[in-house]
Amino acid sequence: MVNTTVTKDLESEVNGIIAGVQAFIESEVLPLEERFRATLADERRLFRDDGRLVDEIDEARRMIRRKSADAGFYAMFAPKEIGGGGLPSTAIVSVLEAVYRRYGPGRLLIGWANGFLTSPLISSFIDGASYMFLNASEGIRQQVVPSLLAGEKTICFALTEPDAGSDVWGLKCKARRDGDDWLISGTKQWITNAPYADYAVVFAVTDPDLLAKHKGGITCFLVDAATPGYAVDNVLPVMGHVSSDCGTIALEDVRVPNDRILGTVDEGFRVGMLGISEGRLSIAAGCLGMAEWALDRCLEYVKERKTFGVALSEHQMIQVMLADTAIDIFTTKQTVRRTAELLDEAPTTGRLPVKEISIAKAYSVEAAQRVMDRAIQIHGANGLSSELQFQEGFRIARTLRIPDGTSEIQRRTIARQLLRGDVAF
Ligand SMILES: Cc1cc2nc3c(=O)[nH]c(=O)nc-3n(C[C@H](O)[C@H](O)[C@H](O)COP(=O)(O)OP(=O)(O)OC[C@H]3O[C@@H](n4cnc5c(N)ncnc54)[C@H](O)[C@@H]3O)c2cc1C
């Protein structure tokens with residue numbers, strides 16, 4: 001496992017991790033991408049009729065996961081207390097930025113492509129062990145967490161429902177007591193990794209009165225996907241793709257033992273927010289890396305491509321687009337870095353940077369979308385081709401304005417924090 005104490009040497013330690021991840025990608029992932037190039041490039045060959053990945057690609061992703069775990073990368077963002085690498089947020093954002101800057105969007109076997117938001121390289125709260133599992137029972141820690149850390153099993157994070165997305169107080173999925181167990185019934189929709197997950201972290205209403213008062217009433221259960229009554233009915237196409245890794249889960253009287261609860265009964269949403277906060281900052285860091293990747297490509301292209309007898313770089317309107325992209329990137333970078341620092345300092349300061357996490361998420365995805373849009377424009381028709389991957393970057397950035405809290409919900413959170421007196425910047 002990667003050694004990850006916060007020291008003065010953190011920067012060189014992080015650089016070592018980044019170099020290690022890159023070496024892993026070059027030796028283990030890129031050869032697989034090359035081997036499956038034809039399948040990866042054609043979604044009609046990539047997905048089965050039911051929307052799931054064809055076996056060879058599914059197996060390739062599983063293999064990368066296991067090898068990444070063996071190499072100490074897969075669970076490096078998970079907390080030390082449960083056996084993860086415990087990387088601080090400042091390191092996490094640096095690693096994600098570096099990976100996406102180097103490899104860009106549209107890389108299914110690295111992460112973020114074809115409507116896929118999960119990465120087989122490094123687990124996060126939507127597919128593996130995370131800070132949410134600090135609240136897990138001893139049973140979960142012993143029986144489930146090791147297989148997550150090893151990349152042998154995965155989870156999905158099942159909060160959203162057909163009638164409840166931004167508004168968690170509208171949840172309808174219910175859990176009722178049955179002896180020592182619980183029986184869960186309801187529907188979860190838009191759940192990333194649901195088609196492949198071995199376990200689902202399911203948020204269900206256990207006290208409708210508390211829920212109605214917005215005071216709790218939601219419990220977080222770890223559900224084994226093999227339990228009778230649990231089914232992933234369909235896989236959802238996302239943003240111009242034939243399919244994605246999002247699915248719908250139907251739960252019908254699914255029996256869950258009482259020790260399969262994360263946190264305490266009726267207080268599950270707090271546990272969920274630990275995951276969602278982690279996800280928001282990771283999305284922001286990934287978008288930063290993708291935006292830098294796009295600018296790097298643009299800077300090469302504008303020097304090569306000529307129109308009206310001069311390089312594109314000579315045209316002032318092209319320069320404006322480059323400058324606007326730099327403004328977006330620099331602002332995103334400072335926001336992401338500072339937010340990560342505040343998060344790392346939170347155990348000492350006692351101040352969770354709620355407002356800043358929302359600022360980072362909203363700003364980074366919107367900036368990445370602007371950057372990808374300009375990159376397409378700068379590259380002309382080539383910018384729209386699948387080969388250059390800007391269109392995929394655009395679709396990813398556009399898609400990311402919805403999950404882990406929409407841009408509107410981030411602004412709602414920011415405004416609420418301001419009005420509560422959180423005006424520190
Ligand atoms: C690719 C993808 C992956 C996802 N993965 C997961 C996952 O793994 N697990 C999971 O549980 N969910 C997941 N989701 C679901 C996602 O979290 C929800 O889609 C999101 O929270 C928004 O909910 P909604 O779609 O129901 O929109 P709604 O909540 O119905 O919102 C509709 C619109 O109204 C706006 N709006 C809502 N309330 C307000 C308000 N108070 N003020 C102003 N505007 C408002 C929203 O911003 C949005 O523009 C995923 C979604 C996508 C697209």
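Colleague: Does Gln391 count as buried or exposed?
Modeller: Gln391 counts as buried, because its relative accessibility is 14%, where buried means under 20% relative accessible area, exposed over 50% and partly exposed in between, with a 1.4 Å probe and protein chains only. This is a predicted model, in which local features need pLDDT of at least 70 and side-chain atom pairs count only at pLDDT 80 or more, while totals for chains, interfaces and linings use all residues. Residues are numbered from 1 along each chain as its sequence is written, and side-chain values use heavy atoms, with hydrogens and water left out.

Colleague: What does Gln391 touch, leaving out residues up to four places away in sequence?
Modeller: Gln391 touches Ile376, Gly383, Leu384, Ser385 and Ser386 on that count, with contact meaning heavy atoms within 4.5 Å.

Colleague: Switching to the ligand, which residues come nearest?
Modeller: Of the 19 residues around the ligand, the nearest are Phe157, Thr160, Ser166, Thr406 and Glu408, where a residue is near if one of its heavy atoms lies within 4 Å.

Colleague: And how far is Ser166 from the ligand's oxygen atom?
Modeller: A polar side-chain atom of Ser166 lies 2.6 Å from an oxygen atom of the ligand, and a polar side-chain atom of Thr160 is 2.7 Å from a ligand nitrogen atom.

Colleague: Where does the ligand lie relative to the domains?
Modeller: The ligand lies between domain 2 (155-268) and domain 3 (269-419), because both give residues to the shell around it; the domain bounds come from an automatic or database domain assignment.

How values were computed
A polar contact is a pair of N or O atoms within 3.5 Å; within protein, one must be able to donate a hydrogen and the other to accept it, and residues adjacent in sequence count only if both atoms are side-chain atoms.
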